[in-house]
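Have the coordinates open as you read. The walk goes from the backbone to the sheet, then to the rings and the cores.

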Amino acid sequence: MKNFTKLSLLTVVLATMLFSSCKKEYDSIQTVDDNAIQSYIKSNNLSMTKASTGYYYNVITPGIGDVIKNSDSIYYSYTFKLLNGTVINQTTDLMIPGTYLGYTDRFTIGGTSYLFTPIREVLTMLKRGGTARLIMPSNLAFGKNGLAAINVGSNENILVELGIYNFTKKHEVDEFEINKFISSKNLTVIKDPSRARYIISTPGTGIDVINTNSTIVANYTVRYLDGTVLETSIDGAFSGVLSTLYKGWQLIIPGKLTAGGKMRLILPSDLANGTALDFDIEIVSVTN
């Protein structure tokens, strides 16, 4: 019985030591992170506030207008950086994310889902037009495992630059994105009343006039405005009745192209698939 008691006591002592050791190791990582963040703040002459959960933040521009509620839609920007300045993930003015303010802590990066609560908390401090930065210690960011897909190592502290655009409507975002895109590509376009933009390189030589009931065979490539190819068909294999295709195709192609015609077509989200899109289109044949 005495031996059993001694063994039980030894087990408890060893378990306590192991737990204490693990806790000390975890606390030491937090301490190392905090020291590194404070050193970064000091060396960059920043003024930042430490939140109760351990991240640091400062509001650069508070923005103007009404306080934004969690149930309000916002269009926002973010740039994730390592503390050495390396950019690991960011938005662009060509594809602006939008969601409810209360959902801005949800990210899918490198194929993995994350919940970054500090980002939502800092965005709630801003009004439209506002900007801020925060630094997340590793345990609130990508943790011990990091994320190899975007070159984040183990226990990396992450700097995030945030902004909320002034836009409140999707069509405002479309106009901003499309104008940025056109300017960046130095394009000369025709703007249709539907807000679609197009460039006709050749109207075509076919005799059949295209209408929404026409069956067309087309070669095309469609891209997001950042250049990412969404879909392509360039072997004459695609065909369809125009009335079943993109709304922007239905509005712009009739009366402007015949068989052999080619155009570049830039569509706002409501004339595309919910996102502004950039098309190269060639009409191969037309059947009425």
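N151 is found in the loop between β8 (131-136) and β9 (158-164). The model is a predicted one. Phi of N151 is near 65 degrees, a positive value in a residue other than glycine. Most residues other than glycine have a negative phi. N151 counts as exposed because its relative accessibility is 64%, and the cut-off for exposed is over 50%.

N186 sits in the loop between α3 (170-185) and β10 (190-191). With 69% relative accessibility, N186 counts as exposed.

Next comes the sheet. Six strands form an open sheet in the order β10-β11-β14-β15-β12-β13, with antiparallel pairing. Its edge strands are β10 and β13 (229-241), each of which pairs on one side only. Look at one pairing inside this sheet. Strand β14 (residues 262-267) and strand β15 (residues 277-287) run antiparallel and are joined by six bridges. I266 has D278 in β15 as its bridge partner. A helix is placed against these strands. α3 lies across β10, β11 (197-202), β14 and β15. The helix α3 runs at about 140 degrees to β14.

Now the rings. How many aromatic pairs does a search of the whole structure find? The search finds 20 aromatic pairs. One of them joins Y76 and Y78. Their ring centres are 6.0 Å apart and their planes are at 40 degrees, so the pair is tilted. Y76 is buried, with a relative accessible area of 6%. Y78 counts as buried at 14% relative accessibility.

Y220 and F238 make another kind of pair. Their ring centres are 5.2 Å apart and their planes are at 75 degrees, so this pair is edge-to-face. The pair links distant parts of the chain: Y220 is in strand β12 (residues 215-224) and F238 is in strand β13, 18 residues apart. Y220 is buried, with a relative accessible area of 6%.

Return to Y76 and Y78. Together with F80, F107, Y114, F116 and F142, these two tyrosines form one aromatic cluster.

Which residues touch the most other members of the largest nonpolar core? They are F80, F142 and I158, out of 31 residues in that core. β3 (73-82), β6 (106-109), α2 (117-123), β8 and β9 each supply at least two residues of this core. β3 gives the most, with five residues.

I158 shows what such packing looks like residue by residue. Not counting residues up to four places away in sequence, I158 touches F80, K81, L82, I88, L134, I135, M136, A141, F142 and V152. A second, separate core has 24 residues. Its members include I210, Y220, M263 and L271. Here Y220 returns: the edge-to-face partner of F238 belongs to this second core.

Conventions
Residues are numbered from 1 along each chain as its sequence is written. This is a predicted model: local features need pLDDT of at least 70, side-chain atom pairs count only at pLDDT 80 or more; totals for chains, interfaces and linings use all residues. Side-chain values use heavy atoms; hydrogens and water are left out. Helices (H or I, at least four residues) and strands (E, at least two) are DSSP runs, numbered from the N terminus. Buried means under 20% relative accessible area, exposed over 50%, partly exposed in between (1.4 Å probe, protein chains only). Two strands pair if DSSP finds at least two bridges between them. Contact means heavy atoms within 4.5 Å. Axes are lines fitted to C-alpha atoms, for helices over the stretch in contact, and angles run from 0 to 180 degrees between N-to-C directions. Rings of Phe, Tyr and Trp (its six-membered ring) pair if their centres lie within 6.5 Å; planes under 30 degrees apart count as stacked, over 60 as edge-to-face and the rest as tilted. A nonpolar core is a set of buried Ala, Val, Leu, Ile, Met, Phe, Trp, Tyr and Cys residues joined through side-chain atoms within 4.5 Å.
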